[in-house]
Amino acid sequence: MIISPKIRGFICTTAHPEGCAAHVQEQIDYVKSKPALVNCPKRVLVVGSSTGYGLASRIVPAFGGGAKTIGVFFEREGTEGKTATAGWYNSAAFETAAAKEGLYAKSFNGDAFSSEMKTQVIDAIKADLGQVDMIIYSLASPRRTDPVTGEVYKSVLKPTGVTYTNKNLNTDKKEIEMVTIEPATEDEIAQTVKVMGGEDWKLWIDAMKEAGVLADGFKTVAYSYIGPELTWAIYTDGTIGRAKLHLEQTAKEMNAAFGEGTAVVSVNKALVTQASSAIPVVPLYISILYKIMKAKGLHEGCIEQIHRIFADHYGAAGGPQLDEKGRIRIDDWEMRPDVQEEIESIWAGVTTETIDDVSDFEGYQKEFYRLFGFGLAGVDYAAETDPVRPIPSLA
Ligand code: NAD
């Protein structure tokens with residue numbers, strides 16, 4: 001079949017297998033262009049490993065440090081008439097590239113929130129690796145089924161306490177409109193914390209502890225975002241921010257149980273991913289951010305960001321440099337005062353007519369298409385291609 005992009009709101013319902021493979025290869029090439037990682041964990045589990053920050057978190061230790069990796073994700077397989085999701089093709093490409101270098105890689109496709117998935121992964125660790133040295137928790141999900149009660153919780157992206165009105169970029173129409181979002185109810189806040197907070201992260205670590213598959217001195221990292229004041233109402237002070245506070249609280253609890261420095265939250269840069277494109281206001285912020293960071297030579301994607309976690313933090317003598325709240329900050333360049341001052345002044349004046357002049361919407365869009373394997377150099381998009389691609393370890 002000939003595969004082209006089909007955009008529905010903030011997602012693309014098709015993905016290109018060769019394009020996704022090229023995207024994964026670019027990230028592998030970046031990692032291999034850097035010096036080999038020092039102190040790299042050798043057995044790594046990544047929960048949410050198929051796209052965005054989680055995919056980069058699998059590529060960096062594997063290709064930068066020779067780590068054996070297990071990846072968990074929730075993706076759709078392709079059929080004769082329908083493409084797989086991008087995360088499926090990414091994982092197929094990752095495993096194929098890993099196999100070429102003799103690197104162990106095993107994947108699990110299914111619900112990471114379930115007890116069954118935890119059991120399957122733990123069994124694989126016992127059988128193949130014995131134990132793991134690092135667990136990276138990079139899930140972004142709109143819902144979670146509680147493994148004990150079966151209750152389904154849904155996350156929402158809303159402010160808390162106040163009604164929020166701000167500029168929003170309609171990425172379909174390339175128009176700036178005002179968006180008003182009513183505050184979340186207490187129940188919506190609680191449900192978002194259930195989905196995106198630290199409860200499931202801790203369930204993974206507790207289950208692994210119980211099974212004896214955590215190596216002495218193991219480390220675990222989960223990802224968060226803070227961003228500038230102009231997005232606080234919808235992000236940091238919103239429902240998702242409450243969930244991220246819970247994630248930080250969970251890291252503290254894990255450190256009390258397993259020793260200081262075991263669990264860390266890393267605050268990452270705002271980037272185009274499938275998860276972030278669904279957040280109101282964020283696509284406009286990212287478009288302006290990209291323009292400024294590219295002009296200053298500070299732009300990074302997921303792979304550069306995660307490489308810094310391994311090279312500059314876990315690879316440094318003395319371990320990660322933490323902020324006053326115990327977090328890794330790789331959003332440091334995004335949050336530089338000179339960057340944020342420019343964004344604020346552009347934000348105040350940006351209109352539909354000036355989007356292309358003052359923001360990098362073109363870069364945003366290109367990056368969005370690339371998430372689904374479209375727009376990569378060297379890929380023949382007019383050629384027939386097979387949408388069915390096995391992930392070797394799942395075949
Ligand atoms: P993403 O959408 O690219 O990736 C989400 C991953 O979770 C995928 O691998 C997906 O398959 C997996 N997943 C979702 N539901 C699952 C389930 N039930 N079972 C198993 N796997 C499941 O998202 P992302 O932007 O890379 O986000 C990852 C983390 O990074 C999140 O915690 C997010 O808040 C954080 N973060 C993102 C940004 C950003 O700008 N994108 C910035 C800072 C922090």
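On the surface, Glu229, Asp237, Glu341 and Glu344 gather in a patch of negative charge. Patches join like charges within 9 Å, among residues with over 30% relative accessible area and no salt bridge, a salt bridge being a side-chain nitrogen of Lys or Arg within 4 Å of a carboxyl oxygen of Asp or Glu. This is a predicted model, in which local features need pLDDT of at least 70 and side-chain atom pairs count only at pLDDT 80 or more, while totals for chains, interfaces and linings use all residues. Residues are numbered from 1 along each chain as its sequence is written, and side-chain values use heavy atoms, with hydrogens and water left out.

As for the cysteines, the count of disulfides comes to zero, where a disulfide is a pair of cysteine sulfur atoms within 2.5 Å. Cys20 is buried, with a relative accessible area of 1%, and its closest cysteine sulfur, in Cys12, is 9.4 Å away, too far for a bond. Cys40 likewise counts as buried at 8% relative accessibility, and the sulfur of Cys40 is 18 Å from the closest cysteine sulfur, in Cys302, which is too far for a bond.

Finally, Leu394 lies in the segment after helix H13 (361–371) and is partly exposed, with a relative accessible area of 33%. The C-alpha atoms of Leu394 and Lys325 are separated by 40 Å, the two residues being 69 residues apart along the chain.

How values were computed:
Patch = residues over 30% accessible without salt bridge, like charges linked within 9 Å, V, L, I, M, F, W, Y side chains within 5 Å. Areas by Shrake-Rupley, 256 points an atom, 1.4 Å probe, with all protein chains shown as cover. Lys, Arg positive; Asp, Glu negative; His and termini not counted. Charge placed at Lys NZ, Arg CZ, Asp CG, Glu CD. Buried < 20%, exposed > 50% of the residue type's maximum accessible area, 1.4 Å probe, protein only. Helix = DSSP H or I, 4+ residues; strand = E, 2+ residues; numbered from the N terminus.
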